[in-house]
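Today I'm going through one structure and jotting down whatever I look up.

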Amino acid sequence: MGKRLIAPSLLAADFGNLQHDIEMVNASEADWFHLDIMDGVFVPNISFGMPVVKAIAKHAKKTLDVHLMIVDPDRYIKEFADLGADVLTVHYETCNHLNRTIQAIKGEGMKAGVAITPHTSVHLLEDSLEDIDLVCVMSVNPGFGGQSFIENTYNKVSALKELIEKKNTNTLIEIDGGVNATNAKRLVEAGANVLVAGSFVFKSENPTLTISELKKEIA
Ligand code: DX5
Ligand code: ZN
């Protein structure tokens, strides 16, 4: 069995009390922090930028998984490395020379992730797979938390898992959008390694327990 991790997305956290929610994740069974950076151009929403990432990094004690939903991500690779990102994920749809971008991320000492929107085929990543540390399969159209999970994601995960096995790479599969206790198990059974969960965790009555519930589902 491969790695199975939970990454709460702080997009759904209480921004008026961010430190409280970060400490909750620190003390929970969660594995990573997932940070969503949106520019209002690639996606129709703006989330938060460098000063907030800096503040989060100061308190967060787990892997920082930064998901860039921005055009021209190459401009900011070094800055995110300096801020403490451990995994930096760019969107396939925003990169003219994806392989060069991946090398630049690794050159800054981070793990390189590539995200694909629900429309983008996993097969488009085949020729760079050995260089990609993580593929983030978006299970909603990127831009907002709280959307419903797209069922075709299961097929994409299975197809990607097959590619990874064929190429014999160590690439992790991450699922982002609409993850909850109902779909978590089936996702890891299809080959997913990292489940991002925003609303399901932070809008629940007891986020710590919800994280444990998700961990149990994927154990
Ligand atoms: C969506 C973001 C997600 C989002 C997930 O564009 O990339 O990380 O926070 O939120 P939920 O789990 O609420 O769908
Ligand atoms: Zn995300």
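This is a predicted model: local features need pLDDT of at least 70, side-chain atom pairs count only at pLDDT 80 or more; totals for chains, interfaces and linings use all residues.

**Entry 1**

I started with Asp36, which counts as buried because it has 25 C-beta neighbours inside 10 Å. For my own reference: buried takes 20 or more other C-beta atoms within 10 Å of the residue's own, exposed takes 12 or fewer, partly exposed is in between, and the C-beta atoms are placed from the backbone. Residues are numbered from 1 along each chain as its sequence is written, and chains are lettered from A and ligands numbered from 1 in the order in which they are written.

Asp36 is found in strand β2. Helices (H or I, at least four residues) and strands (E, at least two) are DSSP runs, numbered from the N terminus. I then listed what Asp36 touches: Ser9, Leu11, Ser47, His67 and Met69, leaving out residues up to four places away in sequence. Contact here asks for C-beta atoms, placed from the backbone, within 7 Å.

How many residues of β2 are buried? I got seven of its seven, over residues 32-38. In a regular strand, side chains alternate between the two faces of the sheet. In β2, Trp32, His34, Asp36 and Met38 point one way, Phe33, Leu35 and Ile37 point the other way, and all are buried.

**Entry 2**

Next I checked the partners. β2 runs parallel to β3 (residues 63-69), and seven bridges join them; strands pair if DSSP finds at least two bridges between them. Opposite His34 I found Asp65 in β3. With helix α2 (residues 50-59) included, β2 and β3 make a right-handed β-α-β unit. Right-handed means that, with the strands pointing away from the viewer, the path from the first strand over the helix to the second runs clockwise.

β3 is also joined to β4 by three bridges, again in parallel, and Val66 stands opposite Leu88. β3, α3 and β4 make a right-handed β-α-β unit. I looked at β4 (residues 87-91) itself: five of its five residues are buried, so the rest of the structure largely encloses it. Val87, Thr89 and His91 cover one side, and Leu88 and Val90 the other.

From β4 I moved on to β5 (residues 111-116), which pairs with it in the parallel sense over five bridges. Val90 has Val114 as its bridge partner in β5. The chain gets from β4 to β5 through helix α4 (residues 98-107), and this crossover is right-handed.

**Entry 3: the record and the ligand**

I looked up UniProt. Its unreviewed entry puts a "binding site" at His34, Asp36, His67 and Asp176; such positions use the numbering here, feature names are shortened, and annotations may be inferred rather than shown by experiment. These residues span 143 residues in sequence, yet no two of their C-alpha atoms are more than 10.4 Å apart, so they gather at one spot.

Asp176 sits in strand β7. It is buried, with 25 other C-beta atoms within 10 Å. Beyond four places in sequence, Asp176 is in contact with His67, Cys136, Met138, Ser139 and Val196.

Which residues are closest to ligand 1? I noted Ser9, Leu11, Gly145, Gly198 and Ser199, out of 21 that surround it; a residue is near when its C-beta atom, placed from the backbone, lies within 6 Å. β2, β8 (194-197) and α7 (199-202) each give two or more residues to this shell. I sorted the shell into eight nonpolar, eleven polar and two charged residues. Nonpolar covers Ala, Val, Leu, Ile, Met, Phe, Trp, Tyr, Cys and Pro, charged covers Asp, Glu, Lys and Arg, and the others, Gly among them, are polar.

**Entry 4: two positive phi values**

Last, I checked loops. Asp72, between β3 and α3 (77-83), has a positive phi near 50 degrees without being glycine. Asp72 is partly exposed, with 15 other C-beta atoms within 10 Å. Asn168 lies in the loop between α5 (153-167) and β7 (172-176), and its phi is positive too, about 55 degrees, although it is not a glycine. Is Asn168 buried or exposed? It counts as exposed, because it has 8 C-beta neighbours inside 10 Å.

Key. Two residues are in contact if their C-beta atoms, placed from the backbone, lie within 7 Å.
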